[in-house]
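Here is a short report on one protein model. Start with the sequence and the coordinates below.

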Amino acid sequence: MRAALTEAEKARQAGEVPIGAVLVLNGNVIGTGFNQPIFAHDPTAHAEVVAMRAAAAALGNYRLTDATLYVTVEPCLMCVGAMVHARIRLLVYGAAEPKAGALHSMTNAHELPGLNHRLTTLGGVLEQDSRDLLQAFFRERREGP
């Protein structure tokens, strides 16, 4: 999760919402990502999707079976859907996202009956560090230069 926080800091430095993700398989980092929809002009360039794209390219396979994804904030509906399609085994996240979190906060998207894959989730890991980074970012944005 500390590596995901490092990725989130990269997003903050780029002026993006500070969310970071790291994908691990068999103890090895296979993909990293940070939020970059503004920079990339891509609404799908969330940290989780960027990390999954990098991992899929590194493995030469869109299926990321048995991988663990660490992300600093509870993922949105789009990202949870991508995780299901990628067959992520375990998702570990830091802070809950009350407005758009699709694992426990807004909905339990990973538990929908028609899905052919189930994610295991673990939330609250380095939660305060993740929350502090987000809150500092938005405080700085409100206060301006």
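## Charge and surface

The model is predicted. The protein carries 13 positive and 14 negative side chains. The centres of these two sets lie 3 Å apart.

The accessible surface comes to about 7,400 Å². Carbon and sulfur atoms hold 55% of that surface.

## Overall dimensions

The radius of gyration of the protein is 14 Å. A compact globule of 145 residues would have a value near 15 Å, so the two agree. Along the principal axes, the C-alpha atoms fill a box of roughly 45 × 30 × 30 Å.

Of the 145 residues, 45% count as buried. Take the contacts with a separation of 6 or more: residues 24 or more positions apart account for 54% of them.

## Element order

The protein has 5 helices and 5 strands. From the N terminus on, the order is α-β-β-α-α-β-α-β-β-α.

Strand S3 spans residues 68-73. Of its 6 residues, 5 are buried, with buried meaning under 20% relative accessible area. S3 is therefore largely enclosed by the rest of the structure.

Which strands pair with S3? Strand S1 (residues 20-25) pairs with S3 in the antiparallel sense, over 4 bridges. Here valine 22 stands opposite tyrosine 70 in S3. Strand S4 (residues 90-95) pairs with S3 in the parallel sense, over 5 bridges. In this pairing, valine 71 has tyrosine 93 in S4 as its bridge partner.

Notes: Residues are numbered from 1 along each chain as its sequence is written. This is a predicted model: local features need pLDDT of at least 70, side-chain atom pairs count only at pLDDT 80 or more; totals for chains, interfaces and linings use all residues. Side-chain values use heavy atoms; hydrogens and water are left out. Helices (H or I, at least four residues) and strands (E, at least two) are DSSP runs, numbered from the N terminus. The radius of gyration is taken over C-alpha atoms; the globule rule is 2.2 Å times the number of residues to the power 0.38. Buried means under 20% relative accessible area, exposed over 50%, partly exposed in between (1.4 Å probe, protein chains only). Contact means heavy atoms within 4.5 Å. Accessible areas come from the Shrake-Rupley method with a 1.4 Å probe; for residues, only the protein chains shown count as cover. Lys and Arg count as positive and Asp and Glu as negative; His and the chain ends are not counted. The place of a charge is taken as NZ of Lys, CZ of Arg, CG of Asp or CD of Glu. Two strands pair if DSSP finds at least two bridges between them.
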